Amino acid sequence: MTAALPAPTAAAAAPSRWWRDAVIYQVYVRSFADSDGDGVGDLPGITARLPHLAALGVDAVWLTPFYASPQADGGYDVADYREVDPLFGTLADADRLIATAHEHGLRVIVDVVPNHTSDRHAWFRGALAGGPERDLYHFRPGKGTDGQLPPNDWESVFGGPAWTRTTDPDGTPGDWYLHLFAPQQPDLNWENPAVHAEFDSILRFWLERGVDGFRVDVAHGMVKAPGMPDIGAREQAKMIGSQVLPFFDQDGVHAVHRNWRRLLESYGGERIGVAEAWAPSPERLALYVRPDELHQAFNFQFLGCPWDAEAMRAVVDASLAAAGSVGAPTTWVLSNHDVVRHLSRYGAGDDALGLRRARAAALLMLALPGSAYLYQGEELGLPEVTDLPDEVRQDPSFFRTDGQDGLRDGCRVPIPWEGEEAPYGFGTAAGWLPQPASWRSLSVAAQTGDADSTLELYRRALRLRKELDGLGDGGMRWQQSPPGLLDLVRPGFRCTLNTGPLPVQLPRPGSLLLSSAHLAADGETITLPADSCAWWAI
Ligand code: GLC
């Protein structure tokens, strides 16, 4: 076991600024470990598996929402922010998880979902019944002669209109309410001070239970442009990464984050906020991590970058420059519960190729300055599951888009721990999504001790990252390199990446620390295979 974390106190000593180079492991709660045999992962399951995360060498875990929820969107539809859903356990289980993680030296970050509640939240029920809670959401009369058309042309991120018409208590058609995601996720009205007060209180509730920070869901969404103007274009979800829309990345959201920063700092122990913010450029993303706002923001530009040395170098440079301009650390992320696993993105149908690239990408990511987010199962080299039968799918975006999309179940399949048959130690019953038979050889137990396995590669990389002075937070520079190659230098350290389809010969860059593939050496010349990465001490 690693050293336990000191109990946070208001009078903490010099800050460690731990988050600036932390490796944070995302646990998708439903799919990590099932302790009670219902096929769904839960909090006691996670607690029992914390030694795996401590041995892997990460600094913190981020838990996806485990709050009371009808699960219309995997728990991102919260009915009660201060209760644990019985599917996942109890408040006592959450307390135990937090305490055990701290004993293992792991910090705990939980999700907070402020853009919307569940339609089963007491507030929304009150609103539908015509109570004063209506002003906590966005209700508007419809357009057209009978109000039969939505109030504006905004589209839901999950497809279809972002508005649903309600029925008045007397049974007649009523106003429409806004939901940027599923209809079961009504958007809150952040113009109302009661919404601010409630979320301050929710944050305090979890901070007092000992959490080390929050991942802020849809941190760019809470404030809508005055008057909610039409956009005048279809397929708005595709515009999110490239322009400011009247419902996303409005300047007004920053006041919320400033307030939360003050709240976080009023607690000891360096508690952090990390923004899930989809901003059109690294510069606009950097606004979320100004010194008086959140501590980190996910770097989706890096996640979206193709397997190409030039493109990667450009994203790394732009990310470092933008975050650096406000004094924030950069973050790096390759996968999460909303996107196709990077092994499958890079492999485009060829899992062996994808695995080579995924291993190399992990070494690049962990060599870069800043903080890195790992998504559960990437340390096992799990591919996306692409052949899930429609009847087991649960992602609302699948159903809202006539089954054309549905990209988010294939990365949420329960992870394999051990054993010869499904569910491979995930629990005692079949998991909520079926695991492929090929995952037998990808389990934690199957890979442990196999020096060539992806799990051992991650373990060694994380150990080295801690041991080597100069990795983590700090500077870097590029060494000039042939096309298709990246050659990055940090104090005492060098990382060479070959994204090209052919092996490349190089003068030996230093003494080999770790590589994602076997390297051949001939005297002072080494051969870096196609799609591989190596770390060197210099
Ligand atoms: C975030 C979550 C995603 C969820 C959405 C709505 O993007 O990561 O899973 O569906 O917010 O809450």
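Student: Which word describes Phe 302 and Trp 332, buried or exposed?
Tutor: This is a predicted model, in which local features need pLDDT of at least 70, side-chain atom pairs count only at pLDDT 80 or more, and totals for chains, interfaces and linings use all residues. Residues are numbered from 1 along each chain as its sequence is written, and side-chain values use heavy atoms, leaving out hydrogens and water. Buried means under 20% relative accessible area, exposed over 50% and partly exposed in between, with a 1.4 Å probe and protein chains only. By this definition, Phe 302 and Trp 332 are both buried.

Student: How many aromatic pairs are there?
Tutor: Rings of Phe, Tyr and Trp (its six-membered ring) pair if their centres lie within 6.5 Å; planes under 30 degrees apart count as stacked, over 60 as edge-to-face and the rest as tilted. Applying this rule gives a count of 24 aromatic pairs.

Student: Why does the pair of Phe 66 and Tyr 67 count as it does?
Tutor: The ring centres of Phe 66 and Tyr 67 are 4.7 Å apart. Their planes stand at 45°, so the pair is tilted.

Student: Over the face of which residue does Arg 30 lie?
Tutor: A charge sits over a ring if NZ of Lys or CZ of Arg is within 6 Å of the ring centre and within 35 degrees of the ring normal. Arg 30 is 4.4 Å from the ring centre of Trp 432. The residue whose face lies under Arg 30 is therefore Trp 432.

Student: Which residue just after helix 2 takes a positive phi?
Tutor: Helix 2 (residues 91–103) has 13 residues. Its buried residues include Leu 91, Leu 97 and Ile 98. Just after this helix, a positive phi of about 80° is taken by Gly 105.

Student: What is the relative accessible area of Ala 323?
Tutor: Ala 323 lies in helix 8 (residues 309–325). Leaving aside neighbours within four places in sequence, Ala 323 is in contact (heavy atoms within 4.5 Å) with Ala 286, Ala 328, Pro 329 and Thr 330. Ala 323 is buried, and its relative accessible area is 8%.

Conventions:
Helices (H or I, at least four residues) and strands (E, at least two) are DSSP runs, numbered from the N terminus. The expected span of a helix is 1.5 Å times one less than its number of residues.
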